[in-house]
Amino acid sequence: MSTSRRTFLKLSALAGGSVGLGLIPGAGDLLAAGKVAPAPMGQSVKPLRLLILGGSGFTGPFQVRYALSRGHSVTVFNRGKTHPGVLPKEAEQLIGDRNTGQLDALKGRKWDVVIDIPTVLPFWVRDAAQILKGNVDRYVYISTTSVYSDNTKPGMDESGPLAKYAGVDAMKETQETMRASRFPLYSPLKVVSEGEAEKWFPGKTLIIRPGLIVGPGDETDRFTYWPVRLDRGGEILCPGDPNTDLVQFIDARDLAEWTIRMAEESTAGIFNATGPKSKLSMGEMLHDIKKVTNTESRFTWVDTDFLLSQRVHPWLEMPVWVAPRGPQQGFSMLSNKKAVKNGLTFRPIPETAKATLEWFRKQAPERQARLRTGISPERETAVLAAWHAQKR
């Protein structure tokens, strides 16, 4: 497994909350100030009783606030240890711990839909489903596009080949064994968890496979690097071909809001949830981000061969970007046609970039001093110098 692939899986697990990453500092202010869209004028939405497993991570608070704005009642179930009080008081809080089997708070209650956000471990799905079966009509499982085992083919849809679990017993895997594997277990365990949800709620399970989730509140900096770097200005190392190297991602708010609308419509099935609607090049993305910065900056595009010769890692040091050839070349060219046909929409990239940058500026100075993904300033300078030297 390549370093960039392993890093992607690790950061995906972190962003999903599967290894204990909670809501980020300052997110309460962000969400309180954020705008959520009520139901369109003249369109009535049947109020639902929603149970959200997790709910205090990256996308969960956006789901909660959007659901409440549309007239639904919301219950969240989590440990209550990560940034308590960040969710609206209108949301009911149930305390438990899926990792230790403390699920008593779910017993004897009824909901219309359960949305399972942070789960990687199959026994979490099994144990919750055993209690909720008969008390919940539909199950929404938030998976990942990392479930696909073959990323060499552009345009792959939801029928693509999936990662296979090769261990002894997936139900006995834990957070510790996933960490010990250096995260290659992440993809196959997500696949097993998808199957477990469908097993307990056959024909009534909605499986959403997001791609890279970005926007305000993302502590992994997998997109944040670019708005912050462009805002710093100067000469910027940019990877590959600006016109032909494609990228995909989805704003956390777009994902959260669409998930709620899909629950309203009682939709079942499997959907790739990534964007934008049409093809987006790396150059187009960076130029859209530049629109919300006020500093002077210039892009220096460095070709893939040179970057790889300098051991610059796609995705890890050049966030969002994957090399346009090799085993991951199709990763940023997945088909999202099914999701778009079912109402997935995307806000403009400058809006995502602006909100991300505003959030980042509110973080503590020590947090702002060091991005968690992206090439370091020192290494960027060295690679640019080497690029210019060989061009002379």
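## Helix 4 and its surroundings

In this predicted model, the buried residues of helix 4 pack against strand 1 (49-53), strand 4 (111-116), strand 5 (136-142), helix 5 (175-180) and helix 6 (186-200). Helix 4 is mostly covered, with nine of its 11 residues buried. These buried residues are P122, F123, W124, V125, D127, A128, A129, I131 and L132.

Leaving aside residues up to four places away in sequence, A129 touches W200 and F201. In sequence A129 and W200 are 71 residues apart, while in space their C-alpha atoms are 6.3 Å apart. After helix 4 comes G134, which has a positive phi, near 90°.

Seven strands form an open sheet with parallel pairing, in the order 3-2-1-4-5-6-10. Strand 3 (92-95) and strand 10 (269-273) stand at the edges; each has a single partner strand, so one side of each is left without a neighbour in the sheet. On average, with direction ignored, neighbouring strands of this sheet are turned by 20° against each other.

Within the sheet, strand 1 and strand 2 (residues 73-78) run parallel and are joined by five bridges. Here L53 stands opposite F77 of strand 2. Helix 6 lies across strand 5 and strand 6 (205-210), and runs at about 170° to strand 5.

## Helix 9 and helix 12

Two packed helices are described by the angle between their axes and by the distance between those axes. Helix 9 and helix 12 pack at an angle of about 55°, and their axes are 8 Å apart. The two helices are therefore oblique to each other. Helix 9 passes helix 12 in a right-handed crossing. The residues that make the contact are listed by helix in the table.

| Helix | Residues of the helix | Residues making the contact |
|---|---|---|
| Helix 9 | residues 282-290 | M285, D288 and I289 |
| Helix 12 | residues 349-361 | I349, P350 and A353 |

By class, the contact of helix 9 with helix 12 has five nonpolar residues, no polar residues and one charged residue.

Conventions. Residues are numbered from 1 along each chain as its sequence is written. This is a predicted model: local features need pLDDT of at least 70, side-chain atom pairs count only at pLDDT 80 or more; totals for chains, interfaces and linings use all residues. Side-chain values use heavy atoms; hydrogens and water are left out. Axes are lines fitted to C-alpha atoms, for helices over the stretch in contact, and angles run from 0 to 180 degrees between N-to-C directions. Helices (H or I, at least four residues) and strands (E, at least two) are DSSP runs, numbered from the N terminus. Angles under 35 degrees count as roughly parallel, over 145 as roughly antiparallel, 65 to 115 as roughly perpendicular and the rest as oblique. A crossing is left-handed if the near helix is turned anticlockwise from the far one by less than a right angle, and right-handed if clockwise. Contact means heavy atoms within 4.5 Å. Ala, Val, Leu, Ile, Met, Phe, Trp, Tyr, Cys and Pro count as nonpolar, Asp, Glu, Lys and Arg as charged, and the others, Gly among them, as polar. Buried means under 20% relative accessible area, exposed over 50%, partly exposed in between (1.4 Å probe, protein chains only). Two strands pair if DSSP finds at least two bridges between them.
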